[in-house]
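Work through the exercises below with the sequence and the model open. Each task sentence is followed by a solution in steps.

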There are 2 protein chains.
Amino acid sequence: MASGTKPVVSFLGPVASYSHQAVRQAFSEDEWELRPVVTIDDVFDTVQDQEVKAGLVPFENSTNGSVVFTLDDLADRDGRYKDITVDGEVYVDVHHCLLGHKDTSSTTEDGADGSGTCTPTATDPSPSRPRTKPLSSLAHIKRLYSHPQAFGQCNAFISAYLKGVEVFEVSSTSKAAEIVSKDETGTYAAISSSLAAQIYGLDMLGRSIEDRSDNTTRFLIIGRNPTPPADWEIVKTPTTTTTTRPGSKSMVSFTVPHDSPGALAEVLSCFQAFNLNLTSINSRPSLVKPFQYIFFVEFEGHRHDDPEGRVRGALDKISRVAGSWRWLGSWERQR
Amino acid sequence: MASGTKPVVSFLGPVASYSHQAVRQAFSEDEWELRPVVTIDDVFDTVQDQEVKAGLVPFENSTNGSVVFTLDDLADRDGRYKDITVDGEVYVDVHHCLLGHKDTSSTTEDGADGSGTCTPTATDPSPSRPRTKPLSSLAHIKRLYSHPQAFGQCNAFISAYLKGVEVFEVSSTSKAAEIVSKDETGTYAAISSSLAAQIYGLDMLGRSIEDRSDNTTRFLIIGRNPTPPADWEIVKTPTTTTTTRPGSKSMVSFTVPHDSPGALAEVLSCFQAFNLNLTSINSRPSLVKPFQYIFFVEFEGHRHDDPEGRVRGALDKISRVAGSWRWLGSWERQR
């Protein structure tokens, strides 16, 4: 297939990042060109400027919470991203791997390096046990590379099996894998993704070495797809007895009038009035006046698949009580 | 006065930090010993363990948003901080200063170094003008020290008056002032607070050099002061026509039952039902299951000065609809 004929989706690079894993999960490489860019702003810029058809950005992590850079771009305080819509979501279970080069001279094949137990210390009196064992000997490992956050998520494994190894913090887990791929001594290892093992041709020395088994990141797919139907019309009568199409979510952002006490509760009650379940709420500084906020609410329901008019009803009500507001998108729920 | 007889308040150090400025604003040094500690966790630990009577932590900045470390400690997922209450708030207007040593050999006294204009470039086609001019000549400055966030907040001043000066990022604005205070060449400068100028005996070379004039941080005072009145009793009849005592705020945290759609809206409606205005809402991962949250809501009203029983009524209702919940404190509003 000729390059350049495929539509392009941009994602937060570098190659082999967890964003790369997410974009591969949602977009077929047969049909899409996957383009890594340097920052979250770059993803928004390339979509807004129609250099690409879609973009993928991290939105929240189940351990660390919301990604404020993405919220700030969705807040769109200066109108730079006026055509951006949220069109989908992707969940990636973050499993860290230990990548490096197997020690071919070693006779140990049972992964029995280290005791697998942790010594209680004054600062950590009850260290947690690692969830997994190494897949092969780690006795030859002298240097360990990764992103600081990944080190923080793999404490038990490191203290059980990599005691005394020198630790180097780098800008991303995929950068760590790249460094290890260029090591000719065979003594470097990286905490990175299984995708990085494939891309950089590294051996898997440990799998799922993270402390928590439920570490998940949710990504959003963005585009320029407002697609309002031609017969758009506000339906004002709520029907509260039946459910909306299961599996849709929508996002709106709004501000509240500063001189109106109770305005935030009033906007939030719009969803309740139409029996729309809220699934997340976030806020960021408005940067208009200190301690005024832009709120982001996700709720169940789809603006363009809304037979009972509940989403339309809620949006209509919000338009009357919010200071300003914007529908950011509706999409198929993935979990 | 003998040391050790005064009650102690801990704050996020080091000395001369903006937290130090906040603690001095709220606590008299005649009556309190102000003790810097290293982390936000340390402030919570010293209060919970009764090593100190009160603590002060940053909660939100008007430009950067919430401080997640403070929210995570208030979330108290493992019961470490079960006795902590929020007892007050302090606002500090963050004004950055340029600190150093005046050039005594210079004849320039009008602060006319540099043009005060910014050259448009490809990456910044419309640079903003600095809000203030230097207080004395900056021609001798060769090195500039500060925290990365402070550099980011003083772009216009730096590009107008400190072009070509070598920039060094350090861990805090007060650390920067300390480094400059030890410089014997007289050519170093720091972006730091006016308090740091006093404490480290530095000259003020520029004042309010930040890009935005409304950069404010809100701090919380924490203690162990639940003080429920002896005659505590839930009053169930809301009175919606009169107002609560002006100038009080309260904070609660809560989770919502996962199997109950609409639960978040239902909890939030408890405040509206008793006409209590919400002033902020935040969420953090619950760390029980992915994408379940602990919510933090601040609202107007005081649990212990609640003649109409509105706060009691709302809390009673919350206790019936939330998964779990905790009253974190009530205090006098400062702004």
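## Exercise 1: the second largest pocket

Several elements each supply at least two residues to the lining of the second largest pocket: from chain A, β13 (278-285) and β14 (293-300), and from chain B, α3 (68-75), β12 (248-255), α8 (263-273), β14 (293-300) and β15 (324-332). Helices (H or I, at least four residues) and strands (E, at least two) are DSSP runs, numbered from the N terminus.

The model is predicted: local features need pLDDT of at least 70 and side-chain atom pairs pLDDT 80 or more, while totals for chains, interfaces and linings use all residues. Side-chain values use heavy atoms, without hydrogens and water, residues are numbered from 1 along each chain as its sequence is written, and chains are lettered from A in the order in which they are written.

Task: state how many residues line the second largest pocket and which lie nearest its centre.

Solution. 
1. The lining holds 38 residues, and V256(B), H258(B), F291(B), Q292(B) and Y293(B) lie nearest the centre.
2. By class, the lining has 17 nonpolar, 10 polar and 11 charged residues.
3. The space in this pocket is about 820 Å³.

## Exercise 2: Q153(A) and H96(A)

Task: decide whether Q153(A) counts as buried or exposed, and find which side chain makes a polar contact with the side chain of Q153(A).

Solution. 
1. Q153(A) is placed in helix α4 (residues 148-153) of chain A.
2. Its relative accessibility is 14%, so Q153(A) counts as buried (buried is under 20% relative accessible area, exposed over 50%, partly exposed in between, with a 1.4 Å probe and protein chains only).
3. The polar contact runs to the side chain of H96(A), at 2.7 Å (a pair of N or O atoms within 3.5 Å, one able to donate a hydrogen and the other to accept it).
4. H96(A) sits in the loop between β5 (85-93) and β6 (97-100) of chain A, and counts as buried because its relative accessibility is 2%.
5. The side chain of H96(A) also makes a polar contact with the side chain of Y18(A), at 2.9 Å.
6. The C-alpha atoms of H96(A) and S193(A) are 5.4 Å apart, although 97 residues separate the two along the chain.

## Exercise 3: relating the chains

Solution.

Note on methods
On a 1 Å grid over the protein atoms alone, a cavity is a set of points where a 1.4 Å probe fits but cannot get out, and a pocket is an open set with protein on both sides within 12 Å along at least five of seven lines; lining residues have an atom within 4 Å of a point. Grid points are joined across faces, edges and corners, and a volume is the space filled by probe spheres set on the points. Ala, Val, Leu, Ile, Met, Phe, Trp, Tyr, Cys and Pro count as nonpolar, Asp, Glu, Lys and Arg as charged, and the others, Gly among them, as polar.
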